Amino acid sequence: MAASMVFGSNRMQHICNSIATISSPVAGILPSLKLVENWIKEVKMSIETTRRFEGPPQGISAGYKQQRARIRLDEEMAEKAAQIRLEKQINERALWNQELEEKSGFKKHQENKKRIQEELRMASRAAIAVRRVALKNLMEKEFAMYTEELKTLGKTFYKQRV
């Protein structure tokens, strides 16, 4: 296909040259010669356009290869940068979680410490209350015992009534 187009392009050029040589002695054909020349130019442009866009692909130039390599390298760098951003985000989130666990662990420790202190305070209050009850019972028993001993001796405790 490309060979026939090139052949067609050479043939058009040959036709143009032959028309120009034939029409130069004839002055009356000059306006129609201009029309033919314009038509030939349009045909040439059409053939060149067809050859450029519809012909077989041209060889890849070195500049195009460099550009594709640069684009590929830029894409790889962009992917690496995106991966680094993702890893940085993951690391920051992991660090945040770790710090959160440490803070919550410290807070739990403080809460446990407060709860233990409260339990110890309540236990000491309970122990005091138990000791008071035991002491009261002991005092009542001793009072009853002294009252009995004094009764056997014929004596009594003096109670002032108000």
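Student: Hey, what's the relative accessible area of Glu75?
Tutor: Glu75 has 47%, so it counts as partly exposed; that class lies between buried (under 20%) and exposed (over 50%), with a 1.4 Å probe and protein chains only. This is a predicted model, where local features need pLDDT of at least 70 and side-chain atom pairs need 80 or more, while totals for chains, interfaces and linings use all residues. Residues are numbered from 1 along each chain as its sequence is written, and side-chain values use heavy atoms, leaving out hydrogens and water.

Student: Where does Glu75 sit?
Tutor: Glu75 is in helix H3, residues 62-153. Helices here are DSSP runs of H or I with at least four residues, numbered from the N terminus.

Student: Which residues form the negative patch?
Tutor: Asp74, Glu75, Glu76 and Glu79 make up that surface patch. Patch members have over 30% relative accessible area and no salt bridge, with like charges joined within 9 Å; Asp and Glu count as negative, and the charge is placed at CG of Asp or CD of Glu.

Student: New topic: how many salt bridges are there?
Tutor: One, using a cut-off of 4 Å from a Lys or Arg side-chain nitrogen to an Asp or Glu carboxyl oxygen. Arg121 pairs with Glu118 at 2.3 Å, N to O. Both belong to helix H3, three residues apart, about one turn of the helix.

Student: What's the accessibility of Arg121?
Tutor: Arg121 is partly exposed at 35%, and Glu118 is also at 35%.

Student: And how much of the chain is buried?
Tutor: Of its 162 residues, 5%.

Terms used:
Patch = residues over 30% accessible without salt bridge, like charges linked within 9 Å, V, L, I, M, F, W, Y side chains within 5 Å. Areas by Shrake-Rupley, 256 points an atom, 1.4 Å probe, with all protein chains shown as cover. Helix = DSSP H or I, 4+ residues; strand = E, 2+ residues; numbered from the N terminus.
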